[in-house]
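I opened the notebook with a few things to look up. The entries follow in the order I took them.

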Amino acid sequence: MLWHPWTAVSTVDGHRWTVITPNRPPVPWRELWARRELLGFLVWRELKIRYKQTAIGAAWAIFQPLVAMAIFSVIFGRLVGVETGSVPYATFALTGLILWIFFANTVGQASNSLLDNERIVSKVYFPRLLLPVAPILAGLLDLLIGSALLIGVVMLDANPFTWRLVVAPLAVSLGVATAVGVGLVLSALNVHFRDVKYVVPFMLQVWMFASPVVYPSDTVPDAWRPLYAINPVSSAIAMFRWSVLGSPWPPWSAVGVSVAVALIALAVGVRVFHRAEGTFADVL
Amino acid sequence: MSSDAVITATELGKRYQLGERQQYGALRDVLAGGFRRRSTSGREELWALRDVSFTVGDGEVLGIIGRNGAGKSTLLKILSRITMPTVGEVRMRGRIGSLLEVGSGFHPELTGTENVFLNGAILGMSRHEIRAKLDEIVAFAEMDAFMSTPVKHYSVGMFMRLAFAVAAHLDAEILVVDEVLAVGDARFQQKCLAKMGEVARSGRSVLFVSHNLDATLALCDRGIVLEAGELVYDGDTRSAVDTYRRMAGVTTRSGDQLDLSGLDREGTGEARFESARIDAGARSEPARHGADDSAAVHSGDRLTITVDIDAAEAQSVASLGLTVGTEGGLMLLNLDSADAPAIGPIALSAGRNRLTLTLPELHLAPGRYRVGLRLANPVTTRIGSGAIDLLDPAFVLQVDEAPPSVRGDGSPEPSGTGRGTVATAAPVVHHGAGSLVAGAMVVECH
């Protein structure tokens, strides 16, 4: 099957009819599902090209968190003296960095995805939603490689892993949902407003300090936690640390707020993207 | 809606806010403008397509022709669902495959095989489908030896061949095709055309846009002509092409006095072709008089083009050139005064200059030909640096079937009149239509 029609489809006399009208059709879930193989190809392309173009390929996935960990350990661990309980600061920072670097990198790549694929967008039809999603899924491989590093570091600390580890994928899922929602909105905006390209790196820098990457989330006063949790990444990292390092579990109210915000971001992202989709080819 | 129509387009229209197509906004404008930007009042609108209705029957091949900016691309983009119409409706029956550009999904870092899979998936083929057709695609592209080489090491020709091959093997009941013919060398173009013909005859419905009118004539059952976003003709391909040719440029015959001052041109403009007069006659006479069809230009005629050139100031021009080509864009003849040492640089005085270009024998098969004129300093070929004034086409020449009496009488007779004879740059050119073209040009300055 080539693709499901974008717009209203009906089967009359055994034929499939595609009807194109100015009215925006609802989000084409069926079509997205039918083109899942293309999503696979886009993810594969993303990975293949990165590993072909870069000299050290997969090693970047280890190098980036490792260097950031070293720098943060000196500045926040030694000089500032952030208190991280029984866990060494380096391990503590690395745990947060693995998830944060995944989030920041993939949101950045997703927001540029339509501009990077301008030629395809203006010449071929397929559900454009796949374009920003592909780099986010591709980023999961880096996350996995980074996790191998993390496991090594945790074992060096002689810190035992527990059944809590099963929660780690849930924490990652919270991050993925947020990245997809934010990535969709930013990629659509980026087509119409090229300023977005410059805003995103700055926004991510601010966002990092609004997330418990270099400091533990329980330093935030309890009264502020629900507000703090509007940033879903804050709960994602707290949950991730809980599952890997045995750090304190975030308050349930915070988890609830974060999950709700992530789901709303996802829904809003899909809607905003879908609304803007019709004019991409006219503006690009 | 007729029962066997696979595509029915009804009153399609596409409006652009002027500037929207090229420009994206800056966030600042929105912040500063507030809601002002949202209102369309005061912004100019452009209807790229307006009130276009047509149908395509089952298995029919429809050619879409029109000048640049006539709305062809917009129409194809709507039919391909890349952009949405502003008004109107299209109903299409069956699976739709659209090829607006070959190789859009190709990535230079990936190998040939990898790109075939990726591009196929983007075009809508399943992995299974691509695997089944891979050998066929590779064989068609004649690329067996290079499939594991990254595409960045390919020549342009190789890249285009592979890209076309993937696109050509797309299975769909309706195919929307644009511009894919202009790929590869002449031989591969023929192969692409043959493939398109095969597709056209296989019972699929095809919408076909090409600037190659010969290909349109060869492939299409019916043609529609777009002009300024509106459908101006819908009928048989021959008449559609004729309609388009009439709009694209009135054909010129003997005795015509043409005003060239308003044409699109390139060059510095230090000197400009202002007007031209075309005269044709039997080889040995300056012009034919009194005959019934005195305006007709025949193969073998002497063709005289008298041009008026306005020069901003007195100057010496290295090259005065004349090109003759098919309407499809294939150049047949390229004559340049610089190739004849006897002519030398042409001295233009300030103001009006009159020059006569004579082609003692113009051998062309009946048809319409683009004639281009250029002044250049230094010598240049068609386009590029050095053009002072370049008109291509300056006019479209209509050559009619020669009456039997004038035909084939003896060998070419180089004429020595004026200041010199230019041996043609391409004395014998084999042309698709099968004619032989030979010629020499004589330039006279008055």
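**Entry: helix α4 of chain B**

Helix α4 of chain B covers residues 127–141, 15 residues in total. From first C-alpha to last I read 19 Å, close to the 21 Å expected at 1.5 Å a residue. I then looked for a bend. α4(B) bends by about 50 degrees at Lys133(B). Next I listed its buried residues: Ile130(B), Ile137(B), Phe140(B) and Ala141(B). I checked what they pack against, and the partners are α3 (112–123) and α5 (156–168) of chain B.

**Entry: strand β20 of chain B**

I moved to β20(B), residues 367–376. Eight of its ten residues are buried, so the strand is largely enclosed by the rest of the structure. I looked up its pairings. Strand β16 (residues 319–326) of chain B pairs with β20(B) in the antiparallel sense, over eight bridges. In that pairing I picked out Gly321(B), which stands opposite Arg374(B) of β20(B). Strand β21 (residues 387–400) of chain B also pairs with β20(B), again antiparallel, over nine bridges. There I noted Val371(B), whose bridge partner in β21(B) is Phe395(B).

**Entry: chain B overall**

I stepped back to the whole chain. Chain B has eight helices and 25 strands. Of its 446 residues, 44% count as buried. I also looked at contact range. Taking contacts in chain B between residues at least 6 apart in sequence, I find that 74% join residues at least 24 apart.

**Entry: where A meets B**

I turned to the contacts between the chains. In the model, 35 residues of chain A are in contact with 43 residues of chain B. I asked which elements of chain A give two or more residues to that side, and got β2 (15–20), α2 (36–53), α5 (118–123), α7 (168–192) and α12 (280–283). The largest share, eight residues, comes from α2(A). By class, I have 18 nonpolar, seven polar and ten charged residues on the side of chain A that touches chain B.

One strand pairing crosses between the chains. β2(A) pairs with strand β4 (residues 87–93) of chain B in the antiparallel sense, over four bridges. I marked Thr18(A), which stands opposite Met92(B) in β4(B).

**Entry: Leu184 of chain A**

How many C-beta neighbours does Leu184(A) have inside 10 Å? I get 29, so Leu184(A) counts as buried. Leu184(A) lies in helix α7 of chain A. I set aside neighbours within four places in sequence and listed its contacts: Pro132(A), Gly269(A), Val270(A), Val272(A) and Phe273(A). I also checked Ser111(A). That residue is 73 residues from Leu184(A) in sequence, yet 7.0 Å away in space, C-alpha to C-alpha.

**Entry: confidence in chain A**

I closed with pLDDT. Chain A has a mean of 88, and 95% of its residues reach 70 or more. Over residues 1–8 of chain A the pLDDT is below 50. I see that this stretch has 27 contacts in the model beyond near neighbours in sequence. Where pLDDT is low, the predicted coordinates should not be read in detail.

Terms used:
Residues are numbered from 1 along each chain as its sequence is written. Chains are lettered from A and ligands numbered from 1 in the order in which they are written. This is a predicted model: local features need pLDDT of at least 70, side-chain atom pairs count only at pLDDT 80 or more; totals for chains, interfaces and linings use all residues. A residue is buried if 20 or more other C-beta atoms lie within 10 Å of its own, exposed if 12 or fewer, and partly exposed in between; C-beta atoms are placed from the backbone. Two strands pair if DSSP finds at least two bridges between them. Two residues are in contact if their C-beta atoms, placed from the backbone, lie within 7 Å. The expected span of a helix is 1.5 Å times one less than its number of residues. The bend at a residue is the angle between axes fitted to the seven residues ending there and the seven starting there. Ala, Val, Leu, Ile, Met, Phe, Trp, Tyr, Cys and Pro count as nonpolar, Asp, Glu, Lys and Arg as charged, and the others, Gly among them, as polar. pLDDT is the predictor's confidence in each residue, from 0 to 100.
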